[in-house]
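Please look over the charged residues in this model.

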Amino acid sequence: MPANGLALGPKLRYLAERARRIDIASVVERAKEVRDQHGKAVPSVVWDMLWSAAKHDVAFQDYVDYDFAILSRDERETFMTHPVSMQLAQRYSQPAGRAVFEDKIAFNRRFDAYIDREWLVVTRDNANEVQAFVERLGTVIAKVPVSHMGLGVRRYHARDIDDWAAFHRRLVDGDEMLLEEVIAQHADLSAVCPGTVNTTRIVAFFDGVDVSILAVAQKFGRGEVSDQMSYGGFYTMLDPDTGHAMSAGYDSHGHVHETHPDSGFRIADFQLPHFDEAIALIDRAAREVPEVQYAGWDVVVTDEGADLVEGNWGAGVYENKPSVSGIRTGHKPRYRAAIGF
């Protein structure tokens, strides 16, 4: 049995696939990042990255993001990694449940009771309904039903649309088949970044009886339609028991944000409002599709409580960055206590 306590078969398959796709030039580039950040020799970092990937299920980007070069073996063992998370996702989800999470329209239909915003499915014959929906709301978010990392998301303003028939055709041709009302986020979130709806990622596990909160990350945007890193966003970890920021913000591109670049808000001072309500929402939602026990849930806190945005059966990983936070341990002990691996 591997050190992580996960099945050997999936681990070996992952390693075989990883070995087949390994890009040594990319590994060297990451090792150079580590050298620049921590003064470590590139050859020793390359070897350590390869060993960590093969022996301890550490993705190369995990190694960089979570400052493994400055951590002891015991400290490294406390950090969740993407390969471990994906093995958990594969073990604790079934295809029928994944299908609900992978399609945003299917998700909205299944979780409509947890969604506190209007939404509309675009069809080939509802141009008039689309026009009425957009004109009434003024601004809408359009989404491609199956997409990842915030891609396939656009923001449209009614005032910019002159030809509604052409607009409808554009939505259909671009597979932007889901329209949603813009969430009115809480004033405390707008104080950090008013131009983006800033989501909170809550990773949870449902064991059939109880829902355990494993990690909470607050994402902040830069005024774009999405707060994902592909749009310039970043995140900070929140204390999973209190909802208070644990450090400054950071991303996977080497950027550290003591303050938000646009508003000047000090990230380490952030307290998520209505934290208990957000956790309570996930406690209910995580029971809705028992075929997916382990998931990453995105919510937006509003003046009234929290609005469910989406769920991800491939929960991903959000972790502390020791060089930024000063915290040299991660969240894996919480995962292990709840899941038992």
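## Basis of the model

This is a predicted model: local features need pLDDT of at least 70, side-chain atom pairs count only at pLDDT 80 or more, and totals for chains, interfaces and linings use all residues. Residues are numbered from 1 along each chain as its sequence is written, and side-chain values use heavy atoms, with hydrogens and water left out.

Helices (H or I, at least four residues) and strands (E, at least two) are DSSP runs, numbered from the N terminus. Burial follows relative accessible area: buried is under 20%, exposed is over 50%, and partly exposed is in between (1.4 Å probe, protein chains only). The areas themselves come from the Shrake-Rupley method with a 1.4 Å probe, and for residues only the protein chains shown count as cover.

Side chains of opposite charge can pair when their charged atoms come close. A salt bridge here is a side-chain nitrogen of Lys or Arg within 4 Å of a carboxyl oxygen of Asp or Glu. By this rule the count comes to 19. One of them joins the side chains of Lys-321 and Asp-67, at 3.3 Å from N to O. This pair links distant parts of the chain, 254 residues apart. Lys-321 sits in the loop between S11 and helix H13 (322-325). Asp-67 sits in the loop between helix H4 (60-65) and helix H5 (73-76).

Are the two partners buried or exposed? Lys-321 counts as buried because its relative accessible area is 7%. Asp-67 is buried too, because its value is 1%. The Lys-321 side chain also reaches the backbone oxygen of Asp-65, at 2.8 Å. Its link to the Asp-67 side chain is also a polar contact, at 3.3 Å. A polar contact is a pair of N or O atoms within 3.5 Å; within protein, one must be able to donate a hydrogen and the other to accept it, and residues adjacent in sequence count only if both atoms are side-chain atoms.

Arg-336 forms a salt bridge with Glu-77, and their closest N and O atoms are 3.0 Å apart. This pair also links distant parts of the chain: Arg-336 is in helix H14 (residues 332-339), Glu-77 is in the loop between H5 and helix H6 (82-91), and 259 residues separate them. Arg-336 counts as partly exposed because its relative accessibility is 23%. Glu-77 is partly exposed as well, because its value is 25%.

Arg-334 pairs with Asp-241 in a salt bridge, at 3.6 Å from N to O. Arg-334 is in helix H14, while Asp-241 is in the loop between strand S7 (234-238) and strand S8 (249-250), 93 residues apart. Arg-334 is partly exposed, at 29%. Asp-241 is exposed, at 55%. Elsewhere, salt bridges that share partners join Arg-117, Lys-143, Glu-180 and Asp-307 into one network.

## A negative surface patch

Which residues form the negative surface patch? They are Asp-116, Asp-188, Asp-303 and Glu-304. Patches are made of residues with over 30% relative accessible area and no salt bridge; like charges are joined within 9 Å, and nonpolar side chains (Val, Leu, Ile, Met, Phe, Trp, Tyr) within 5 Å. Lys and Arg count as positive, Asp and Glu as negative, and His and the chain ends are not counted. The place of a charge is NZ of Lys, CZ of Arg, CG of Asp or CD of Glu.

Glu-304 lies in the loop between strand S10 (294-301) and strand S11 (306-312). Glu-304 counts as exposed because its relative accessible area is 64%.

## Positive phi angles

Asp-67 has a phi near 55°, a positive value in a residue other than glycine. Asp-175 is not a glycine either, yet has a positive phi of about 60°. Asp-175 is placed in the loop between helix H10 (164-173) and strand S4 (178-181). Asp-175 is partly exposed, at 38%.

Leu-281 is in helix H12 (residues 275-285). Leu-281 counts as buried because its relative accessibility is 4%. Leu-281 and Gly-305 are 24 residues apart in sequence and 8.9 Å apart in space, C-alpha to C-alpha.

Glu-277 is in helix H12 as well. Glu-277 is partly exposed, at 38%. From C-alpha to C-alpha, Glu-277 and Val-130 are 32 Å apart in space, and 147 residues apart in sequence.
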